[in-house]
Amino acid sequence: MTTQEVADRFFELAQEGKFDVIQDELYDESVKSVEPATSTWQNVEGLGQVKEKAQQWQSIVEEMHGGYTNKPQVAGNFFSCVMGMDVTVKGQPRMKMDEIAVYEVRDGKIVLEQFFF
């Protein structure tokens, strides 16, 4: 798949909230996940660790009130999306979170996800 095709499929699945399918279908086995320097979340490498990080996030979510993913913008081997959620994390008040997510595609698979918030 081209970067545009990966971005289009990502967007289609994101609109359905199928982020686990995105990982299974579009991520490379050696994918890297990079968080902002100020984040308490760790950078990880490898599909298994990326999935584990996603499960850790889900385990602290008390309630997901809503979310969105804007249509991706593609440039070369990269695409980016503005994403956000309205969420209650266990032990915290309800909050709205917004971020820019950048993805690198190589050989038809996502090899890097990097978040800015």
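Which side chain meets that of Lys 18 in a salt bridge? The partner is Glu 16, and the two side chains come together at 3.0 Å, N to O. Keep in mind as you look that this is a predicted model. Lys 18 is partly exposed, with a relative accessible area of 36%, and Glu 16 is partly exposed too, at 46% relative accessibility.

Another one joins the side chains of Arg 9 and Glu 12, at 2.9 Å from N to O. Both residues belong to helix α1, and because they are three residues apart there, about one helical turn separates them. Arg 9 counts as partly exposed at 23% relative accessibility, and Glu 12 as partly exposed at 40%. If you follow the contacts onward from this pair, you will come to Glu 25, which is linked with Arg 9 and Glu 12 in a network of salt bridges.

Now turn to Arg 94, whose side chain meets that of Asp 86 in a salt bridge of 2.5 Å, N to O. Is Asp 86 buried or exposed? Its relative accessibility is 13%, so Asp 86 counts as buried, the cut-off for that being under 20%.

Next comes the largest pocket, which holds about 1,200 Å³ of space. Its lining is made up of 38 residues, and those nearest the centre are Phe 19, Trp 57, Gln 58, Met 85 and Glu 99. Helices and strands both take part: α1 (3–15), α2 (19–26), α3 (47–60), β3 (61–69), β5 (78–89), β6 (95–106) and β7 (109–116) each give two or more residues to the lining. Helix α3 supplies the largest share, with seven residues. Sorted by class, the lining has 19 nonpolar, twelve polar and seven charged residues.

Finally, have a look at the surface. Here Tyr 68, Val 82, Ile 100 and Phe 116 form a nonpolar patch, and together they have about 330 Å² of accessible area.

Notes. Residues numbered from 1 in each chain as written. Predicted model: local features only at pLDDT ≥ 70, side-chain atom pairs only at ≥ 80, totals over all residues. Heavy atoms only, no water. 1 Å grid on protein atoms, 1.4 Å probe; cavity = no way out; pocket = protein on both sides within 12 Å on 5 of 7 lines; lining within 4 Å. Points joined across faces, edges and corners; volume = space filled by probe spheres on them. Helix = DSSP H or I, 4+ residues; strand = E, 2+ residues; numbered from the N terminus. Nonpolar A, V, L, I, M, F, W, Y, C, P; charged D, E, K, R; others polar. Patch = residues over 30% accessible without salt bridge, like charges linked within 9 Å, V, L, I, M, F, W, Y side chains within 5 Å. Areas by Shrake-Rupley, 256 points an atom, 1.4 Å probe, with all protein chains shown as cover. Salt bridge = Lys/Arg side-chain N within 4 Å of Asp/Glu carboxyl O. Buried < 20%, exposed > 50% of the residue type's maximum accessible area, 1.4 Å probe, protein only.
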